[in-house]
Amino acid sequence: MIGSTSKIKPTKKHSIRSAYTAVVGYAQCTRIGSAAMSDDKVLFEITEKHLNTGLRRFPVGRVRTSRVDPAQGVSYVGYPIADLATLDPEAAIFLLYNKHLPNPDELNDFKADLANRASVDPSVINVLKSLPKDGHPMEWLINGLSLLGMTGKTGDFYEDGLNLVSRSAELIANIFRIRSGWGEPIPSDPSKGLVENFVHMMGVPGADQAKLTKLLRTFYVLHMDHGGGNLSTFTGKAVASGHADQFSSLAAAMAGLYGPLHGRANQECLNFVKSVKTTDPDEIEQFVRDTLSGGGKIFGFGHAVLRAEDPRATVQYALGQEICGDDPLFKTALAMRERAVKVLKENPKISNPYPNVDAVSGTLLNASGLTESDYYTLLFGFARIAGITAQIVDERVHMRNGRGVPIYRCSYIAENQDPRRLG
Ligand code: MLT
């Protein structure tokens, strides 16, 4: 995730002022999305110092699925994430697509609809069997999404969005199974429910299915969406704006999520927690101090937007107490929550010393039987497919009174390009 490691802000004066101006700009437009806002209201002032900052805090559009508040964290269509964490994942998907929670009948119908969409062409699984085992699971996913598109797209953003949500369960379960050498694919049983069937198809050797299902249901809901501007979501929407289909757009989005500064940070976090090698809070505090003074990073702390503990982390710490409270790595992660924050807070240049979504997720997955951290970003991707496809449907089908957002085409200012001629 962007800003997933706590780091010191750039010291150049212009960078700090740039961040300040951006925050002020954003605060002045807190009613983005309110009907009262006029079309010509200034939302954000762009000056030279905002160039080459990765569009940090630039408002570029409207988003209907979720909102990221720096202090409160993410909410889905107005509901704080903590309220939704134990919902059926299908209810949360319905919420992102329809902008209201389903009643019991709507939920049953929606679950049946998703189950009916679940069939994956056997050729997809056959190609997976031929992929190089050295490829990262996210590289397999990027290929797999293209294969799903080649074998089953309709060209309709809504239909393909839900097909993708539904079919990604079998695709991703088989990436785990085939790449890990756990044996032949396990036949899909979509009537079990999306995540339940996913756990069934993975067939993780030695795992407690019930515990893993409980964790992954929550993990799925927590990771589905995070505003409109995170790298993978933005990338997916940008690609879809050129009218590429959902499958290709999501393959591009997942390439964004694969980056270690975005989704792949969750695999690094478990490796980091393992490297601490103690559960003693004082030793952990010393480890954090030594790591920082040696120029190292504290993985799982900090965020590009958040300025408080990520509520997705808060939910996972509580869940960890329930499902793996005695696990030594969980105890380490819990002590880090207190001691790393304490040490990071001592540095006024650190804008967010608090845990983010990745701080403890790997520890929980590891304790539930998914011990290979290379696969963790796949689980993030499985969930994020729901949010990105829903946002693509909004941008392509609903926004601007159904005309859709035009093809993304921002502008760059030429640098070091004085006119020249041949000869
Ligand atoms: C996410 O969930 O996408 C990450 O927290 C990164 C972000 O919001 O930029």
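**Figure 1. Asn 401 is an exposed residue in this predicted model.** The relative accessible area of Asn 401 is 78%. Asn 401 belongs to the segment after α17 (376-398). Its phi is near 50°, a positive value in a residue other than glycine.

**Figure 2. Leu 55 has a positive phi in a loop.** Leu 55 sits in the loop between α1 (13-27) and β2. Phi of Leu 55 is near 60°, and the residue is not a glycine. With a relative accessible area of 38%, Leu 55 counts as partly exposed.

**Figure 3. Three strands form an open antiparallel sheet.** The strand order is β2-β3-β4. The edge strands, β2 (66-69) and β4 (79-80), each pair on one side only. Between β2 and β3 (residues 73-76), the antiparallel pairing runs over 4 bridges. Within this view, Asp 69 stands opposite Gly 73 of β3. In general, strands of a sheet pair through backbone hydrogen bonds, either parallel or antiparallel.

Figure 4. The C-alpha atom of Leu 84 is separated by 7.3 Å from that of Val 221, although the two residues are 137 apart along the chain.

**Figure 5. Arg 179 is buried and has no salt bridge.** This arginine lies in helix α7 (residues 157-180). The nearest side chain of opposite charge is that of Asp 374, 4.1 Å away. A salt bridge requires a separation within 4 Å, so Asp 374 does not qualify as a partner of Arg 179. The side chain of Arg 179 does make a polar contact with the side chain of Tyr 375, at 2.8 Å. A polar atom of the Arg 179 side chain also lies 3.3 Å from the backbone oxygen of Lys 133.

**Figure 6. Asp 113 and Arg 117 form a salt bridge.** Their closest N and O atoms are 3.1 Å apart. Asp 113 is partly exposed, at 24% relative accessibility, whereas Arg 117 is buried, with a relative accessible area of 9%. The structure holds 17 salt bridges.

**Figure 7. Arg 312 and Asp 310 form a salt bridge between buried residues.** The N to O distance between their side chains is 2.8 Å. Both Arg 312 and Asp 310 are buried.

Figure 8. Arg 289 is partly exposed, at 27% relative accessibility, whereas Glu 285 is buried, with a relative accessible area of 10%. Salt bridges that share partners join Asp 282, Glu 285, Arg 289, Glu 338, Arg 339, Lys 342 and Glu 346 into one network.

**Figure 9. Helix α15 carries a kink centred on Met 336.** The kink is about 35°. Helix α15 (residues 328-345) has 18 residues. From its first C-alpha to its last, α15 reaches 25 Å, close to the 26 Å expected at 1.5 Å a residue. Met 336 is one of the buried residues of α15, and Arg 339 is another. Among the others in the buried set are Leu 329, Phe 330, Val 341, Val 343 and Leu 344.

Technical notes: Residues are numbered from 1 along each chain as its sequence is written. This is a predicted model: local features need pLDDT of at least 70, side-chain atom pairs count only at pLDDT 80 or more; totals for chains, interfaces and linings use all residues. Side-chain values use heavy atoms; hydrogens and water are left out. Helices (H or I, at least four residues) and strands (E, at least two) are DSSP runs, numbered from the N terminus. The expected span of a helix is 1.5 Å times one less than its number of residues. The bend at a residue is the angle between axes fitted to the seven residues ending there and the seven starting there. Buried means under 20% relative accessible area, exposed over 50%, partly exposed in between (1.4 Å probe, protein chains only). Two strands pair if DSSP finds at least two bridges between them. Lys and Arg count as positive and Asp and Glu as negative; His and the chain ends are not counted. A polar contact is a pair of N or O atoms within 3.5 Å; within protein, one must be able to donate a hydrogen and the other to accept it, and residues adjacent in sequence count only if both atoms are side-chain atoms.
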